Every structure is written in structure tokens, then in C-alpha cells.
Amino acid sequence: MHRLGLFWFQQDLRLSDQPALTQACAECEQLILLYCAEPGWFSPGRYTSKRMGMQRWRFVLDSLQEINHQLQPHKQQLVLRFQSPVEAISQLISQYKIDAIYQSRQPGYYEARQWQQLQQRFPYLSFQNPDSNTLFTEQQLPFALTELPASFSQFRKQVEQLPLAAAIAAPQHIPPAPTGVQSEPLPGYPSWLSSLFSGGEYSGQQHLKRYFNSTLPGFYKEVRNALDGFDNSTKFSPWLAAGCVSARQVVAALHGYEARHGRNDSSYWIYFELLWREYFHWYSHRHGKALFLRQGIKQSAPLTSFYPQRFRAWCEGTTPYPLVNACMRQLKQTGYLSNRGRQLVASCFVHELQLDWRYGAAWFEQQLIDYDVAINWGNWQYLAGVGADPRGHRQFNLEKQQQQYDPEGSYIRQWQGDSRVLALDSVDAADWPVLG
Ligand SMILES: Cc1cc2nc3c(=O)[nH]c(=O)nc-3n(C[C@H](O)[C@H](O)[C@H](O)COP(=O)(O)OP(=O)(O)OC[C@H]3O[C@@H](n4cnc5c(N)ncnc54)[C@H](O)[C@@H]3O)c2cc1C
């Protein structure tokens, strides 16, 4: 038994199906529950975009609020710090004599490095970070991580029949915090910042129930490629990315649906897509910082240049391609874009605009409400031909895509994709720097 533990929340903003939290509650007499927002998230980074945009921040704030609400009956409270987690945790360790640190293992290289730094700084403490953001634990995989299959298909064939551990309930008892631990107040957000999605475990679970109590899973596969329409895909991604619901909880709900209504191609395809998520998470664990390299996991980098004006046109939705513009405007206004839309704009970024894919991935990181480091950078690498795609470069024919997915032009009209269509390279470097 530890006298005092610290549980560090990251992209796992829930109390249920949280093995690390359950373990902390069982092993510690007192517990500090910490969330750190790094000041660096909110200013432009290496690729001119911010690591945290307003839509996602709003979703995170809702989720933190919800955790505080859930903690009230336990007379506990989240400790919020606007500080680097390594600094915040180091200070708390020396102030309160913490003996054990817990987290759910995170897929990002940067986050894994922070965990390692803490372990190096405090080798005498106990560190626990079980897998719970993925469907399977690393021990369950039928291969060593270094032998991760090079393609999704090979991965899927090896894991799709693996038995899934049952999702666990929220801990019944949460130990009290020591007295006097200071927290910053949870900030509010501007009321004009509305969204289709509200953060938190409760709304995530409600959404899951609503979806699987409807008939939608029965024809998911037929409509999932549509450019728009709330019901055309599950819309689980914001809650999965923030960890308000776990992937195992989604699959348990899917199995419940299949037990009631029978399994078909569409319901299977929801699992198929979750396996893509699973693949990219293990891919990120396997390849570490190569996820962010221009050459990705390949030997040589694609030939690209940097055209500030093309980048700005893409971000703002004023390229010569109305369909791409409509997608980029939807993304900017709502923080969400369909999978088809993401593929089209990423392909345009790499092929038509011939830009360095990492700038596009970083713009997505800022804009997406469902940003997930492994899935975002993994998909961008894939489309840029430097990742897990055995076929190499994949270029979408924008004209054909428009005919197929927006034949009447209603999507383009809705998002005003043709309101400002500029020729490529009509302005020059005076447009630099591009701010989000
Ligand atoms: C360039 C690019 C960047 C992307 N960035 C992200 C990101 O940051 N965060 C994110 O969650 N998804 C990302 N995706 C994947 C996908 O577009 C979204 O998961 C999906 O559009 C979310 O909507 P949904 O929940 O309705 O998806 P559904 O179609 O209902 O799929 C169900 C779940 O399966 C997973 N999934 C679906 N498609 C993919 C995929 N291609 N790769 C991995 N997992 C998938 C997601 O967890 C999703 O919530 C990206 C795709 C591309 C092409």
C-alpha cells in the first residue's frame, strides 16, 4: 500500500474502464488527480499551427468539468495546472512526498518521453502505466512490437479474432487528496464557440447508447464515405480521442447491438475501422519519433517545397478546388471533417499543392476536435506515401470525387467552397507568416 499516489489524466478523460486509476485507488491511501495543460499548446509551434485549437480545448474543458462532477460524491477534485507535466509532477513529488505515479499509457512519442523523464528523475518511485487506450494490451498482441506488421491488412488478420478483455467499471472508492493541494480554476470558454459535440464521459456514453439503439449500425458501411451528414458515420471520434469513452466500451456496445439485431457487413465494418485506430496506436508506439519525420518510416523524403501562399489558401479554403475549399471551411468552422473529406484535402495538399505533409498534419492537429496523435500523423504519412501504405503514393482525382460524392454541388454550396477560388501562387512571400 502506498501512502500517497498521483494519477495523471491525459487523453483518457473518464473514470470507467481506467485500469490505471482503479489500480491507484486500490493501492493508495491518498491520491492526487492531476491534469496539466501545457502553455506551449496555445502558441504557434514548429509548423506555424498550435498544438491545441479552440474547438478541442472546449471539448477538453467540458470533459474536465464532468470529471469534477463525478468526483464530488468522493469528496475529491481534479488538480489543474497550466504547466509542463514534468515540472508540475516534480514539484508535487517534492512537496507532498508522493510514492507512486499512475497513467494510462499514451500513444504519443512526446508524452512517452515525459513519462521516461519522470522515471529517470525519480527512480525510487513506483510507476504504473497499463494499456487502456487500445483494444488490446501489448502482451496480448501475437507479435513483439518490433515485429508490428508493415501493413494494416496483415495486422488486422492477426488480431481481429483475439478475445477482448471486458471493460471495467469506475472505481467505487476514490481515496481522498492530501490537504492543501492547490488547483487553478477551470477556465470558461466564449459562448459563441458552439459545437455539435459536448465533451465528457456522460455525453460520450449517451451518444454511444443513442447510436447503438438506432438502426444506423445496420447500414454504416453503405453511407460511411459520404462527405457530410451527422448520421453517416458513428461520430465516436471526439470522445475516443479525448478518452471519454474507451475503444473496448465501443466494441462492447457494438457486440450488444449485434446480439440484439444480428451481425452484418456494416456492423462488422465499425469494428474494422476501430482496428485501423488500433493499428495506428501500435504504429506510433513502434515508430516513436519517426511519426513526425518528413521521410516517415521510409528511407527517403518526398520531394516537396514550401509555398506559404498555397498553404494559406489550403487552410482558409481559397484554393482552385471548390471541393477542397468546402472541406477546409467545414473543418475550420466545426472542428470536424468526414474521413472522405480528410483524405481529399490531404491528397490535394501533397499532390496538387506539393507541400510538406507535416504542415498539413499540424494544421489538422490545431483544428480537429478529435485530434489523436497516432491516427492523425499515421494517416498523413500514409497519404504522403511515407507510411504504412504498401501501394505508396495515393492521389485522389478531385474532379471524379466531386462527381461521385457531391454531384449536385450541394456540399460545396453549403460550405461556400466556390466563394473565393484563387489561382495557385497568385500572391507571394509577403503572406508569410501564416497564423491560425
Ligand atoms: C489525414 C487524416 C487525418 C485523420 N486524423 C484523425 C484524428 O486526428 N483523429 C481521429 O480520430 N481520426 C482521424 N482520422 C480518421 C477518420 O477520418 C476519423 O476517425 C473519422 O472521420 C471520425 O469520424 P467517425 O467517428 O464518425 O468515424 P467512423 O467512420 O464512424 O469510424 C469509427 C471509429 O473508427 C476509427 N477510425 C475511422 N477511420 C479511421 C482511420 N482512417 N484511421 C484510424 N482510425 C479510424 C475512429 O476511432 C472512429 O471514431 C484521420 C483521417 C485522415 C485521412
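Predicted model: local features only at pLDDT ≥ 70, side-chain atom pairs only at ≥ 80, totals over all residues.
View 1. The shell is made up of 14 nonpolar, eight polar and six charged residues. Among the 28 residues around the ligand, those that come nearest are Y220, S233, T234, K235 and D370. Helices α8, α10, α13 (339-352) and α15 each give the shell at least two residues. Domain 2 (201-290) and domain 3 (308-431) each contribute at least three residues to the shell.

View 2. The ligand taken alone exposes 810 Å², and the protein buries 97% of that.

**View 3. The second largest pocket and its centre.** This pocket has a volume of about 1,000 Å³. It is lined by 48 residues, of which R51, Y110, E111, E365 and Y371 are the closest to its centre.

**View 4. The lining of the second largest pocket.** Strands β1 (2-9) and β2 (28-36) each supply at least two lining residues, as do helices α2 (54-71), α4 (109-121), α8 (237-242), α10 (265-287), α14 (357-367) and α15 (373-384). The largest share, five residues, comes from α4. By residue type, the lining of this pocket divides into 26 nonpolar, nine polar and 13 charged residues.

How values were computed
Residues numbered from 1 in each chain as written. Heavy atoms only, no water. 1 Å grid on protein atoms, 1.4 Å probe; cavity = no way out; pocket = protein on both sides within 12 Å on 5 of 7 lines; lining within 4 Å. Points joined across faces, edges and corners; volume = space filled by probe spheres on them. Helix = DSSP H or I, 4+ residues; strand = E, 2+ residues; numbered from the N terminus. Nonpolar A, V, L, I, M, F, W, Y, C, P; charged D, E, K, R; others polar. Near = heavy atom within 4 Å. Areas by Shrake-Rupley, 256 points an atom, 1.4 Å probe, with all protein chains shown as cover. Domains from an automatic or database assignment.
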